[in-house]
Amino acid sequence: MKLTYRVEDGARLGALLWEFGPGWRMISSALLGGGIGVREWVLNAQVVAGYARMDPVDHLVSLGPGGGDGVGMLTAASVDRYVQACDGGVEAYATVGLRVPTWAAAPEGAADPELAPIRAGTVNIVAVLPVAMTDAALVNAVMTVTEAKSQALIEAGFPCTGTASDALCVVVPVDGPEELFGGPRSEWGARLARAVHTAVRRGAEAWRPRDFK
């Protein structure tokens, strides 16, 4: 993983890039490269808090490494303050922005200041496992990441399950025996949950509004 910077909209913005190369499969909720498929890189790009571009996919492509299929996520959090945690061979990386913490099940019609105008916060998570997984196990892993994230945020004192713009990516090798389970009580799901929980909680505890200027 490497950290780079660019100047955009008058601000110095960072980007984290993981260049895995061939042989990796990913599941992601990202705008670019989302879904399940073979991917070669992951980009977590910082944007200004009032981000309002209507071409985010093209924007992410322009910021990527320029070769192969990849996953691209956006965040207004300071990506150079990313947090990494490891557990039993699982690596988790989190960039945490909590300017507008949100409950997933908000009342119908409740105003969401994150959506209008756009005031992006975003908790973005990249998790890398050393074992192949079935499609079902990958979906289960996404559930595990999300549950661990929410647990960490609540334990850190934030009344929320996340923000309305969170994104994640789980990365596994293409080859090898496929794990059937990714839930929090499975062998690899438990490791995934602990790594994500640690990374997000550390990021949440260190978060300050000065991340957004």
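Colleague: In which hand does α2 pass α3?

Modeller: In this predicted model, helix α2 covers residues 135-155 and helix α3 covers residues 187-206. Their axes lie 8 Å apart, at an angle of about 35 degrees. The crossing of α2 past α3 is right-handed.

Colleague: How many residues of the contact of α2 with α3 are nonpolar, polar and charged?

Modeller: On the α2 side the contact includes A141, V145 and A148, and on the α3 side it includes L192, V196 and V200. The division is 10 nonpolar, 4 polar and 3 charged.

Colleague: Which residue forms a salt bridge with E8, and is E8 buried or exposed?

Modeller: The closest N and O atoms of the pair are 3.0 Å apart, and the partner is R6. R6 has a relative accessible area of 16% and is buried. E8 is also at 16%, and because buried means under 20%, E8 counts as buried.

Colleague: How many residues apart are R25 and D135?

Modeller: The side chains of R25 and D135 meet in a salt bridge, at 2.7 Å from N to O. The pair links distant parts of the chain, R25 being in strand β3 and D135 in helix α2. R25 is buried at 14%, whereas D135 is partly exposed at 42%.

Colleague: What separates E187 and R191 in helix α3?

Modeller: Their side chains meet in a salt bridge, at 3.3 Å from N to O. Because E187 and R191 are 4 residues apart in helix α3, the separation is about one helical turn.

How values were computed. Residues are numbered from 1 along each chain as its sequence is written. This is a predicted model: local features need pLDDT of at least 70, side-chain atom pairs count only at pLDDT 80 or more; totals for chains, interfaces and linings use all residues. Side-chain values use heavy atoms; hydrogens and water are left out. Axes are lines fitted to C-alpha atoms, for helices over the stretch in contact, and angles run from 0 to 180 degrees between N-to-C directions. Helices (H or I, at least four residues) and strands (E, at least two) are DSSP runs, numbered from the N terminus. A crossing is left-handed if the near helix is turned anticlockwise from the far one by less than a right angle, and right-handed if clockwise. Contact means heavy atoms within 4.5 Å. Ala, Val, Leu, Ile, Met, Phe, Trp, Tyr, Cys and Pro count as nonpolar, Asp, Glu, Lys and Arg as charged, and the others, Gly among them, as polar. A salt bridge is a side-chain nitrogen of Lys or Arg within 4 Å of a carboxyl oxygen of Asp or Glu. Buried means under 20% relative accessible area, exposed over 50%, partly exposed in between (1.4 Å probe, protein chains only).
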